[in-house]
Amino acid sequence: MKEKIELVHGDITRLEVDAIVNAANRSLLGGGGVDGAIHRAAGPELLEETKTLNGCQTGQAKITSGYKLPAKYVIHTVGPVWKGGKRKESELLASCYTSSLQLASRHGLQTIAFPNISTGVYGFPKKAAADIAISTVMDFLSDHTEIQKVYFVCFDQENHQLYEKKLQEHLGE
Ligand code: AR6
């Protein structure tokens, strides 16, 4: 398990992987944060393709090509907006990770990179989000050996420090 999970501090648009995951909104038509960075780096063809997808429900995921990105594909998932914790935010966030991994697996992809979904504009508490992300990914990897590598890409220092600590706890490094 340890060798299948890697922590990266930086910009997800730079990663050469089979798929990077986008923390999108339900329109899939772009936005700020990591979504904006991915659309800028991929170029305008990405928006042309997402326009054909009819949006995406919270907790679900859809796949497109990566265009000018070094990644072959972009998996767009829609995280929950944090509304205090009683609106199924945790289940929906876990579902973003599982749906993205299922989609990767169905397309025969082996390497996938996740940003810290919902922890920016959508306001999900970072500690709780890191626990959900790590445990959901570990659960999936334990019964899906086809996925070779999962990268957790932390852009901000706070998330990076949290993931360093939590990965040590979960993986016993
Ligand atoms: N690479 C990796 N992570 C990044 C990057 C990057 N280039 N840029 C920001 N992050 P957010 P959300 C981190 O707000 O909370 C958009 O407008 C950032 O530090 O991008 O799911 C969408 O269109 C944070 O930890 O996504 C939606 O409307 C994490 O990405 C809405 O924001 C997520 O922050 C989605 O909100």
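**Exercise 1.** Work out what span helix H3 (residues 89-106) should have, and compare it with its end C-alpha atoms.

*Solution.* Start with the term: a helix here is a DSSP run of H or I with at least four residues, numbered from the N terminus. The expected span is 1.5 Å times one less than the number of residues. With 18 residues, H3 should therefore span 26 Å, and its end C-alpha atoms are 26 Å apart, which agrees.

A word on the model: it is predicted, so local features need pLDDT of at least 70 and side-chain atom pairs 80 or more, while totals for chains, interfaces and linings use all residues. Residues are numbered from 1 along each chain as its sequence is written, and side-chain values use heavy atoms, leaving out hydrogens and water.

**Exercise 2.** Find which residues of H3 are buried, then look just after the helix.

*Solution.* Buried means under 20% relative accessible area (1.4 Å probe, protein chains only). Among the buried residues of H3 are Glu89, Leu93, Cys96, Tyr97 and Leu103. Just after H3, Gly108 takes a positive phi of about 70 degrees.

**Exercise 3.** Identify the polar backbone atoms that lie close to oxygen atoms of the ligand, counting N or O pairs within 3.5 Å.

*Solution.* Take Ser118 to begin with: a backbone N or O atom lies 2.8 Å from a ligand oxygen. Next, a polar backbone atom of Gly120 is 2.8 Å from an oxygen atom of the ligand. For Val121, the corresponding value is 2.9 Å. Finally, the protein covers 91% of the 700 Å² of accessible area that the ligand has on its own (Shrake-Rupley method, 1.4 Å probe).

Definitions and conventions: Helix = DSSP H or I, 4+ residues; strand = E, 2+ residues; numbered from the N terminus. Buried < 20%, exposed > 50% of the residue type's maximum accessible area, 1.4 Å probe, protein only. Polar contact = N/O pair within 3.5 Å; in protein donor to acceptor, adjacent residues only side chain to side chain.
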